[in-house]
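User: I have a model open and want to go through it with you. Can we take it from the overall layout down to single residues?

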Amino acid sequence: MKKAPAKMKKAAMKMAKKSPAKNLTAKQKSMDVNKNNKIDGDDLASLRAKKGSAATMKKAAMKMKKASAMKMKKMKDSAMTMKKAAMKMKKESAMKLKKSGMMMKKAAMMMKKAAGMKMKKK
């Protein structure tokens, strides 16, 4: 493949500079960040930076959402553990009350018997 002569390159460059600027389409206008009616390296660099920061923000949001979900799960597990402990304590105290009630009944019966025996002795 032959190289184009330097004169032709210069002529092409002059024509490119002299040719009237084309109007940008709507999508191209949104890409023209610095509003100079050209899409150049500065525009592309700005767009890449915006895309990178959006991706970073999305990753951070996902990380926060995951951490929040984990925290909620721990809290739920903790609440369930506390509820189970409360139910166990309630059951144990009911058993103790029942046991003490039975002991009181026995004591009352023994007292009645003792009182009945005293009455018979007299």
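User: What pattern does the protein follow, read along the sequence?
Analyst: This is a predicted model. Read along the sequence, the pattern is α-α-α. That goes with 3 helices and 0 strands.

User: How much of the protein is buried?
Analyst: Buried residues account for 2% of the 122 residues. The protein exposes about 12,700 Å², and 68% of that comes from carbon and sulfur atoms.

User: Which residues form a nonpolar patch on the surface?
Analyst: M31, I39 and L44 do, with about 210 Å² of accessible area together.

User: Where does M31 lie?
Analyst: M31 is in helix α2, which covers residues 26–31.

User: Next topic, D32. Where is the place of D32?
Analyst: D32 sits in the loop between α2 and α3, the latter being residues 41–121.

User: What is the nearest side chain of opposite charge to D32?
Analyst: K35, at 6.1 Å. A salt bridge needs the atoms within 4 Å, so D32 is buried yet has no salt bridge.

User: Which backbone nitrogen lies 2.8 Å from a polar atom of the D32 side chain?
Analyst: The backbone nitrogen of N37.

User: What else does D32 touch?
Analyst: Leaving out residues up to four places away in sequence, D32 touches L24, K38 and D43 as well as N37.

Conventions. Residues are numbered from 1 along each chain as its sequence is written. This is a predicted model: local features need pLDDT of at least 70, side-chain atom pairs count only at pLDDT 80 or more; totals for chains, interfaces and linings use all residues. Side-chain values use heavy atoms; hydrogens and water are left out. Helices (H or I, at least four residues) and strands (E, at least two) are DSSP runs, numbered from the N terminus. Buried means under 20% relative accessible area, exposed over 50%, partly exposed in between (1.4 Å probe, protein chains only). Accessible areas come from the Shrake-Rupley method with a 1.4 Å probe; for residues, only the protein chains shown count as cover. Patches are made of residues with over 30% relative accessible area and no salt bridge: like charges are joined within 9 Å, nonpolar side chains (Val, Leu, Ile, Met, Phe, Trp, Tyr) within 5 Å. Lys and Arg count as positive and Asp and Glu as negative; His and the chain ends are not counted. A polar contact is a pair of N or O atoms within 3.5 Å; within protein, one must be able to donate a hydrogen and the other to accept it, and residues adjacent in sequence count only if both atoms are side-chain atoms. Contact means heavy atoms within 4.5 Å.
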